[in-house]
Amino acid sequence: MRGKARGVSTTIRWLLQAATGILLLLLLGVHMVANHFIAEGGIRTYDQVIAYLSHPVIWTWEALFLIIVTFHAMLGVRSVLFDLGPSPEAEKKINLGVAIGGIGAIVYGLWLLSQLR
Amino acid sequence: MSQQMSVSRPFLRRGWRAWFQVRGRHVGYIAFALNRLTGLGLVLYLILHLMVLSLLTRGPNAWDAFVRLAKSPLFLLLDGILLFGILFHGLNGVRVVLVSMGIGVRRHKELFWALMGLAALLLLGGVWGMWHV
Ligand code: HEM
Ligand code: HEM
């Protein structure tokens, strides 16, 4: 592939995509089971969400999940967009766009979680 | 990087329309395209999900009204589609990672179908569960 002089190499990016993907198997698996399948009625009410997040280990787990899933998603979006064959300038915009989008989502998500402690 | 990927990428450079030309492609390509489609679908879901979660900051009434809505048949249908996306993308992802590490390369087709069988079972179990809560 192209672009050898672009900071992180393609191989490392692919490894990060793969490693975060495998981590997500566990993180998302637990998230789905906890919030959906064992939650009474299939989805938690407000009080139940607060009670669930009041446990520090669970809170940390959800925060970790937020960070990893956003990272994996933004890396993925980037590689889909790069496959469309953008110009070097467009590539820069894509990099900036996914970085801002990703950091924005993480900051917002952490803020949300901090409100629900 | 997985072989199937390096084979398909030059194709993708032709623009987004080439993604949808599935005729004459083999399972590997369809798996790649579906992996991409489900990945993007999950990103869309994540964005909507994070937006909806902001209701939690507006207290019990706002969130619990959403919870009632989320139990409607339309939402359950969307949930089923979401579950399909997660299972396909996640378990196909396992195959991509294994094969790229050199595990199961010669039997990657069997690996694919075994994982898809597992996905189908989990999907059926999940959908059954959804209608019985
Ligand atoms: C459930 C666990 C998951 C696993 C094991 C996983 C694994 C992977 C792997 C291995 C790839 C690279 C595929 C390739 O290059 O051929 C990938 C790509 C991708 N993933 Fe995931 N993933 C998971 C969850 C998610 C979630 C939750 C999202 C979205 C929020 C997501 C979004 C994406 C996107 C957008 C791509 C790029 C697709 C492409 O390049 O064709 N993934 N995933
Ligand atoms: C339909 C099944 C799902 C249900 C019922 C559900 C429900 C919830 C609830 C109640 C919360 C807030 C409490 C908490 O942080 O645990 C939450 C947070 C979260 N969910 Fe889900 N979720 C589902 C699927 C997903 C999927 C598929 C993803 C990933 C693509 C996801 C990503 C997240 C993230 C990242 C957070 C943390 C948000 C934050 O940091 O503010 N969820 N979910």
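Q: In this predicted model, which residue of chain A forms a salt bridge with B:Arg36?
A: Let's start with the charged pair. Side chains of opposite charge can pair when their charged atoms come close. Here the closest N and O atoms are 2.8 Å apart, and the cut-off for a salt bridge is 4 Å. The partner of B:Arg36 is A:Asp83.

Q: How many salt bridges does the rule find across the interface of chain A and chain B?
A: Over all chains, the count by this rule comes to two salt bridges. A pair that crosses between chains runs from B:Arg36, in helix 2 of chain B, to A:Asp83, in the loop between helix 3 and helix 4 of chain A. Across the interface of chain A and chain B, the number found is one.

Q: Which residues of chain A lose the most area to chain B?
A: The two chains bury about 3100 Å² between them, and carbon and sulfur atoms give 75% of that area. Three residues on the chain A side together make up 23% of what that side buries. They are A:Trp14, A:Tyr46 and A:Asp83.

Q: Which helix of chain A gives the largest share of the side that touches chain B?
A: Across this interface, five residue pairs are found in polar contact. On the chain A side, the elements giving two or more residues are helix 1 (10-37), helix 2 (46-53), helix 3 (56-82) and helix 4 (88-115). The largest share amounts to 10 residues, and its source is helix 1.

Q: How many nonpolar residues are on the side of chain A that touches chain B?
A: In all, 37 residues of chain A are in contact with 37 residues of chain B. Sorted by class, the chain A side has three charged and 10 polar residues. Its nonpolar residues number 24.

Q: Which residues are the protein donors of the iron atom of ligand 1?
A: Around this iron atom, six donor atoms subtend angles of 87 to 180 degrees, which makes the arrangement octahedral. Lying 2.0 Å from the iron atom, the protein donors are A:His72 (NE2) and B:His89 (NE2).

How values were computed: Residues numbered from 1 in each chain as written. Chains lettered and ligands numbered in written order. Predicted model: local features only at pLDDT ≥ 70, side-chain atom pairs only at ≥ 80, totals over all residues. Heavy atoms only, no water. Contact = heavy atoms within 4.5 Å. Buried area = accessible area lost by both parts, 1.4 Å probe. Salt bridge = Lys/Arg side-chain N within 4 Å of Asp/Glu carboxyl O. Polar contact = N/O pair within 3.5 Å; in protein donor to acceptor, adjacent residues only side chain to side chain. Helix = DSSP H or I, 4+ residues; strand = E, 2+ residues; numbered from the N terminus. Nonpolar A, V, L, I, M, F, W, Y, C, P; charged D, E, K, R; others polar. Donors = N, O, S within 2.8 Å, 3.2 Å for Na, K, Ca; no water. Tetrahedral: all angles 85-135°; square planar, octahedral: opposite > 155°, others 65-115°.
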